[in-house]
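Please look over the sequence and the model shown here before reading on. The report then takes up the loops, the helices and the contacts between side chains in turn.

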Amino acid sequence: GSSDVDDDLPVGPLGLHQLLPLLPCPNRDHHPGGLLINAVVLLVLLLALDVCIAAAISLLMIFVCGMATYGASKQHATWIIPFFCYQLFDLVMNTLVAASVAVYPSTVQDYVRHLPENFPYKEEILSVNRVCLAIIVLLFIGCILAFKAYLLACVWNCYKYVSGRRNTEVLVYVTTNDTT
């Protein structure tokens, strides 16, 4: 049958038309707008869930960054590790994005096609050869990966410095004036 719901709504892996019967609506059979009301309620719930997840991730990142700052300032090396792990995970995920662009170069143009119509230079980007566009995107992602790898090395060096300093609390310098 035909569905009153647009299939392009961003509701995740399940279609909106599959989730609507699960929502309680005592008046669904009595008025024709019941399906639309349920669709709006479900969409609002999903958007609120997305906002909650984004807020939780943001708070977690603030906490992890605070831990790294505290660990570096108070010479506690173990407090730096969660931030290092986050950066390592981020680098791996971005490397996977670069690999997917390298393996499937047409995905870049597919992504650009799905951007809003008022996106700047959309038509010019779509007119570029897909292999050339993929190479440009890979160069851009490569620069980002290099910078992220540099930042990861900085955090690792900070960890090594703090943990090495923690192991040798007192450094003794021996100097002699013996010139013979």
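## Loops, helices and contacts

Tyr 121 is found in the loop between α4 and α5 (122-127), where helices are DSSP runs of H or I with at least four residues, strands are runs of E with at least two, and both are numbered from the N terminus. This is a predicted model, in which local features need pLDDT of at least 70 and side-chain atom pairs count only at pLDDT 80 or more, while totals for chains, interfaces and linings use all residues. Residues are numbered from 1 along each chain as its sequence is written, and side-chain values use heavy atoms, with hydrogens and water left out.

Most residues other than glycine have a negative phi. The phi of Tyr 121, however, is near 60°, a positive value, and this residue counts as exposed at 62% relative accessibility; here buried means under 20% relative accessible area, exposed over 50%, and partly exposed in between, with a 1.4 Å probe and protein chains only. Gln 75, which is not a glycine either, has a positive phi of about 65°; it is found in the loop between α2 (34-73) and α3 and counts as partly exposed at 22% relative accessibility.

The protein chain has six helices and zero strands, and buried residues make up 21% of its 180 residues. The unreviewed UniProt entry annotates residues 36-65, 77-105 and 125-147 as "transmembrane region"; such positions are given in the numbering used here, feature names are shortened, and annotations may be inferred rather than shown by experiment. In the model, residues 77-105 are 79% helix and 0% strand, with end C-alpha atoms 42 Å apart, whereas residues 125-147 are 91% helix and 0% strand, with end C-alpha atoms 25 Å apart.

Within helix α4 (residues 106-113), Val 108, Gln 109 and Val 112 are buried. Seen down the axis of α4, its buried residues fall within an arc of 95°, so they line one face of the helix; the arc is that of the directions from the helix axis to the C-beta atoms.

A search of the whole structure finds four aromatic pairs, that is, rings of Phe, Tyr and Trp (its six-membered ring) whose centres lie within 6.5 Å, with planes under 30 degrees apart counted as stacked, over 60 as edge-to-face and the rest as tilted. One of them joins Phe 84 and Trp 156 in a tilted arrangement, 5.2 Å centre to centre and with 40° between the planes. Phe 84 lies in helix α3 (residues 81-103) and Trp 156 in helix α6 (residues 130-167), so this pair ties together parts that are 72 residues apart in sequence. Phe 84, Trp 156 and Tyr 159 form one aromatic cluster.

The model also holds three salt bridges, each defined by a side-chain nitrogen of Lys or Arg within 4 Å of a carboxyl oxygen of Asp or Glu.

| Salt bridge | N to O distance |
|---|---|
| Asp 90 and Lys 148 | 2.4 Å |
| Asp 110 and Arg 113 | 2.8 Å |
| Lys 122 and Glu 117 | 3.5 Å |

Asp 90 in helix α3 and Lys 148 in helix α6 are 58 residues apart, and their pair links distant parts of the chain. Asp 110 and Arg 113, by contrast, both lie in helix α4, three residues apart, about one turn of the helix. In the remaining pair, Lys 122 counts as buried at 5% relative accessibility, while Glu 117 counts as exposed at 66%.
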